[in-house]
There are 2 protein chains.
Amino acid sequence: MIVGVPTETADGEKRVALTPPVAEDLVEDGHEVCVASGAGEGATYADADYEAVGCEVLDDREAVFERAEVLFQVRGLGATDTGTDPYREGQAVVGLLGPYEVAEDTLDDLADRGVSAFSLELMPRISRAQSMDALSSQASLGGYQATLMAAEELPKMFPMEMTAAGTIQPAEVFVIGAGVAGLKAIATAERLGASTKGHDVRLEVKREVESLGADFVELELPTEESGDEEGYAVEMGEEFYAEQRRQMERVVPESDVLITTAAIPGRPAPEIVTTEMIEDMDPGSVVVDLAAETGGNCEPTEAGETVEVDGVRVHGPTDLPSRVSHTASQQYANNCKHFLDNLLDEEGDLDFDFEDEIIDSTLLVHDGTVRNPHLDDGGEDE
Amino acid sequence: MIVGVPTETADGEKRVALTPPVAEDLVEDGHEVCVASGAGEGATYADADYEAVGCEVLDDREAVFERAEVLFQVRGLGATDTGTDPYREGQAVVGLLGPYEVAEDTLDDLADRGVSAFSLELMPRISRAQSMDALSSQASLGGYQATLMAAEELPKMFPMEMTAAGTIQPAEVFVIGAGVAGLKAIATAERLGASTKGHDVRLEVKREVESLGADFVELELPTEESGDEEGYAVEMGEEFYAEQRRQMERVVPESDVLITTAAIPGRPAPEIVTTEMIEDMDPGSVVVDLAAETGGNCEPTEAGETVEVDGVRVHGPTDLPSRVSHTASQQYANNCKHFLDNLLDEEGDLDFDFEDEIIDSTLLVHDGTVRNPHLDDGGEDE
């Protein structure tokens, strides 16, 4: 296979889909690798680092699309806003392609061009797929970075300390949504010594939250159907969220840091925290809303912006994994490599085996057809 | 006593010298407290918070100087650049007054006006004075914030992790100067899971560094006279620093984060890290030079600025404790309260007892005289 790595085009994207160490593995496996000049720069990899492990560095980004049989991208199609890349017939694309956001016309166009597009967002949550689960690997870094961002900005220190000048109380950190990002945000806050609470509608994650040393904020709500069979949160009724908001009024105001991570794949994020709750927080408190990209969990959140509400700064970052670009790229490149390994048959050719749940779930466009594997059920929850 | 708290005037200063909880203690002790309106704002304290504990809030900053018998300031005289405050005869001032930077004319003027000025930088390092040691309480927060700043900016994650997508190596953090700031920087990096190294010319701090879980970088150098009787580092010969620089060439380039904290009271900071060493660090690496205010430990450091050297960002922040303004103010206010308690006799009057080492050491101007207690020895190391 000839694996190609174009520069990323999404605004502010610093990650690269393939790092030199993983490129070296591909070369050792017998693949050719071509990389657009400057592709690794945002993740602190120079062209020379790629050349040193046997990659070809191409000055012309388009040339990568001409040469490559398989393309690794971080954000393609619906996950960027700069138009469709010049994919060509027979080419396979592996990346975060924004399957819920991508325009139908774009998919039809790709189908007409004979492209095979794999969207890593659609990875099934089965154990064999864990090493390819880019959503998880990136969400974990997002949670880490969210806590650091809040800690760096908060005018209080996180850990409790007994000093000669008196006792410093620990900062109160509250994390809503205990998926991969939320759990990592909790773990990082605990590492730093904050007094940490976690909340999730899925009661089954209570033990995970508590095993990190945090308290679990339990709501007196019916939560039987809050997780789907893959463990993702699903959308609940409006009454449920209203009741949840009332309960949140108790916990949010006493928090110094609020990190919200409650996202539902393909749906707008539930609004859990109202402007009033944030107004009741102490001035100087910090909110980081990781669900900003799909509308946010907090009423005042603006995607990509920071809003100040009564002295509380509400951040809606959409690029947190990209800010840890080096580590995020390492993880992502491994995800792509594992995905490619699974996609190739014993002769090293692409094998579109629809019996393989990983391939069947992630393949968005193939053989002239838009497959939309997970998206056919319209407004239904799974 | 009437204790007065003016707003701070130094550029970007967010701390306040007295917090409402400590003000409440003063009021309970029988003191009156007057606070300039807005003084606590940067540290997230509102005027109403002071009024609620019995303080008088004055709209006019000058009125605080007219009313108060004792003034608490964070940065006064030589520690700010906005001219002398309107101190009046018989008034006692307690603060970080920049005794090494303050102009002689300013001190003469204060002496003429009959002011008594206590400079907390000159606190003796005796156990009885620990609760008043503002340099230590603030330096600790500076070290904490330096590590957070570096962690937030570094494109690598700090902790080691074993994930489904592969192992993430821990970030390499190197802290030069293991005083209060350096030890807290090390402790915070260790909390976050980095692989941490510390170095100091004072071999006796080796055990402290190692007890935090970090490795001590030992130099093959004569270090017998590197600490004074109070444990502060003293200035060494040029030959010593040249040899130290050669040793640093080994450790600095392999670090992802370099935090330097080697300051010598009243002297320019020793230059320990050259531009060449920083050029040899990986792009994306982060340097935080806590000695920036006195010239910096790194050749390219600019006080208050960020300089980029071959893809490495070199920060020279001079306001790190102020960025943790809430906690820093709590600690500082406790320092001031303990100092005041020690300064008053049984009747609650100011008692300038020169037999008390704390008073004798810190009293910069008194009774029409500039005392310059620690500064008389000119260029000599102690």
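1. Polar contacts across the interface. In this predicted model, 19 residue pairs are in polar contact between chain B and chain A, both residues at pLDDT 80 or more. A polar contact is a pair of N or O atoms within 3.5 Å; within protein, one must be able to donate a hydrogen and the other to accept it, and residues adjacent in sequence count only if both atoms are side-chain atoms.

2. Salt bridges. Chain B and chain A share four (side-chain nitrogen of Lys or Arg within 4 Å of a carboxyl oxygen of Asp or Glu). Arg323(A) pairs with Glu152(B) in a salt bridge, at 4.0 Å from N to O.

3. Extent. The interface brings 38 residues of chain B into contact (heavy atoms within 4.5 Å) with 39 residues of chain A. About 3,300 Å² is buried between them, 56% of it from carbon and sulfur atoms. Buried area is the accessible area (1.4 Å probe) that two parts lose on being put together, summed over both. Glu152(B), Ala165(B) and Arg191(B) supply 20% of what chain B buries against chain A, more than any other three residues.

4. Confidence. Chain A averages a pLDDT (the predictor's confidence in each residue, from 0 to 100) of 92. At least 70 is reached by 93% of its residues. Residues 376-382 of chain A fall below 50; this stretch has 10 contacts in the model beyond near neighbours in sequence.

5. Conventions. Residues are numbered from 1 along each chain as its sequence is written, and chains are lettered from A in the order in which they are written. Local features need pLDDT of at least 70, side-chain atom pairs count only at 80 or more, and totals for chains, interfaces and linings use all residues, while side-chain values use heavy atoms, without hydrogens and water.
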